[in-house]
Amino acid sequence: MACTRTVFLRLSCSVRDKWSPKALGCQVAWFSSSPAREQQEKKYDIVIVGGGCAGSAIANKFAPYLGQGKVAVVEPHETHYYQPMFTLVGAGIKDHKQTHTQTKDVLPDECDWIKDKVTSFDPNNNSVTTAGGDKLKYDYLLVSMGLQLNYHSVKGLEEALKEDPAVCSNYHWQHVKKTHPAIENIQSGNAIFTFPNTPVKCAGAPQKICYLAENNFSKAGKRDRINVMYNTSLPVIFGIPRYAAPLEEICKNRNITVNKRHNLVEVDHKNNRAVFQLLDTPTENVSFEYSMLHVSPPMSSPKELWGSSLVDETNFVTVNRDTLQHTKYPNVFGMGDCTNAPTAKTAAAISAQVGVVNKNLSLVMDGKQPTRKYDGYTSCPLLVGNHKVIMAEFGYDGSILETFPINQAKAMRSMYFMKVHFMPQLYWQMLVKGLWHGPGFFRKLFRFGVA
Ligand code: UQ1
């Protein structure tokens with residue numbers, strides 16, 4: 001193979017100085033000095049594919065304990081986003097600058113950060129290969145790659161996001177910047193909010209921005225000129241009936257039109273039209289003129305996983321829903337949005353999974369069977385406007401797992417405070433550092449240890 005010089009570069013200190021400040025960022029990256037280069041092969045105790053919320057938390061659990069160079073995190077992006085804040089940015093409540101930090105600042109000093117992406121998995125030989133052609137061998141693998149946003153699957157959408165200031169999307173760090181201006185600029189006509197016909201992360205986000213925008217329109221005195229429309233592919237407004245009931249009530253009281261089984265298939269931004277497939281009569285489409293369009297894009301597992309032996313027929317990583325261990329490869333675990341664990345995909349879900357994977361991976365590394373069980377805990381703080389939040393918390397099979405001994409199906413100001421001020425701190429100071437295992441302990445405490 002044609003090769004030129006390969007640089008295996010330690011970004012700063014090669015031997016960890018325990019007094020050195022974290023700001024020095026003692027992580028390792030592989031850089032090539034030319035596109036054609038010699039491929040590396042390296043062996044690790046643990047390879048973590050994906051350095052988002054889940055990957056960072058587990059890296060911070062294991063790397064300091066195992067020591068320098070034993071854990072690799074493969075993550076191509078230099079920026080780590082706190083995605084739950086995107087709704088607040090879209091609504092003009094938080095600044096975009098508050099959503100992110102550098103990847104190197106959330107990963108532990110002791111891990112090797114491979115700034116690349118994994119393109120193939122070979123679990124039968126305990127190895128993964130990166131886009132740069134490097135082979136990483138492992139004893140244990142964690143797959144925490146998140147979801148892929150498929151804006152390209154909706155005809156005309158990418159172009160509309162580029163060219164039409166009225167088309168925005170809170171799911172992407174760039175498109176979210178357009179949401180608040182679009183809310184401010186609309187004067188009359190249809191404000192349309194969509195929910196796609198695929199698995200999604202934060203299933204509440206598509207409607208949260210609808211409520212916040214409607215609230216903004218009312219306060220700006222233009223509500224009577226704007227028709228607010230929530231067009232969802234789902235047959236229900238929310239999957240858990242306890243929370244669906246107050247949300248239906250909000251839509252009714254605030255005159256928000258909810259069009260169920262409507263799936264966005266085309267945006268014709270030159271004519272301000274959004275086309276929806278009617279999922280109950282799929283050969284039929286309906287089109288609406290828009291003055292503002294907020295799109296929640298179709299999503300899928302990352303394409304690098306497709307067809308690998310780690311995934312099911314829907315291309316999500318097949319894990320045991322209780323232990324999060326892979327169903328076929330006992331030295332592989334899955335976490336976060338890319339697995340087939342049947343619960344809603346959120347940062348809160350990851351928080352509860354951190355404790356489970358930490359315990360079960362440790363047991364497996366000790367030659368034991370995994371024992372810790374994930375109850376499917378997930379949470380969706382549903383911002384409904386007027387500084388209020390319905391704090392939905394639930395688990396597998398629709399079980400309600402509310403933390404506080406109050407009626408969380410009611411929109412409350414205290415929960416708004418939690419969402420806007422407390423959760424970001426919890427995320428940055430605890431969750432990505434592997435120090436927050438979800439609110440299960442507090443839930444039991446508030447119920448005197450019985451739930
Ligand atoms: C949570 O743990 C978490 O992760 C930090 C979130 O994501 C930002 C949440 O939104 C929620 C609700 C939780 C759950 C925590 C409590 C205290 C209810």
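**Domains, ligand and a salt bridge**

The chain is divided into domain 1 (41–148 + 301–365), domain 2 (151–300) and domain 3 (378–446), with bounds that come from an automatic or database domain assignment. Please note that this is a predicted model, in which local features need pLDDT of at least 70 and side-chain atom pairs count only at pLDDT 80 or more, while totals for chains, interfaces and linings use all residues. Residues are numbered from 1 along each chain as its sequence is written, and side-chain values use heavy atoms, with hydrogens and water left out.

Let me turn to domain 1 and domain 2. Their centres, taken over C-alpha atoms, are 30 Å apart. Domain 1 brings 19 residues to the contact and domain 2 brings 20 residues, where contact means heavy atoms within 4.5 Å. Together the two domains bury about 1600 Å², 63% of it on carbon and sulfur atoms; buried area is the accessible area (1.4 Å probe) that two parts lose on being put together, summed over both. Of the area that domain 1 buries against domain 2, 31% is supplied by Phe86, Thr87 and Gly90, more than by any other three residues.

What of salt bridges between domain 1 and domain 2? The count is 0, a salt bridge being a side-chain nitrogen of Lys or Arg within 4 Å of a carboxyl oxygen of Asp or Glu.

Next, the ligand. It is surrounded by 16 residues, and the closest are Tyr82, Tyr377, Ser379, Glu393 and Trp436; the criterion is a heavy atom within 4 Å. For Trp436, a side-chain N or O atom lies 2.7 Å from an oxygen atom of the ligand. For Ser351, the corresponding distance from a side-chain N or O atom to a ligand oxygen atom is 3.5 Å.

Finally, the whole structure contains 15 salt bridges. One of them joins the side chains of Lys117 and Glu304, at 3.4 Å from N to O. This pair links distant parts of the chain, 187 residues apart.

Definitions and conventions
Polar contact = N/O pair within 3.5 Å; in protein donor to acceptor, adjacent residues only side chain to side chain. Helix = DSSP H or I, 4+ residues; strand = E, 2+ residues; numbered from the N terminus.
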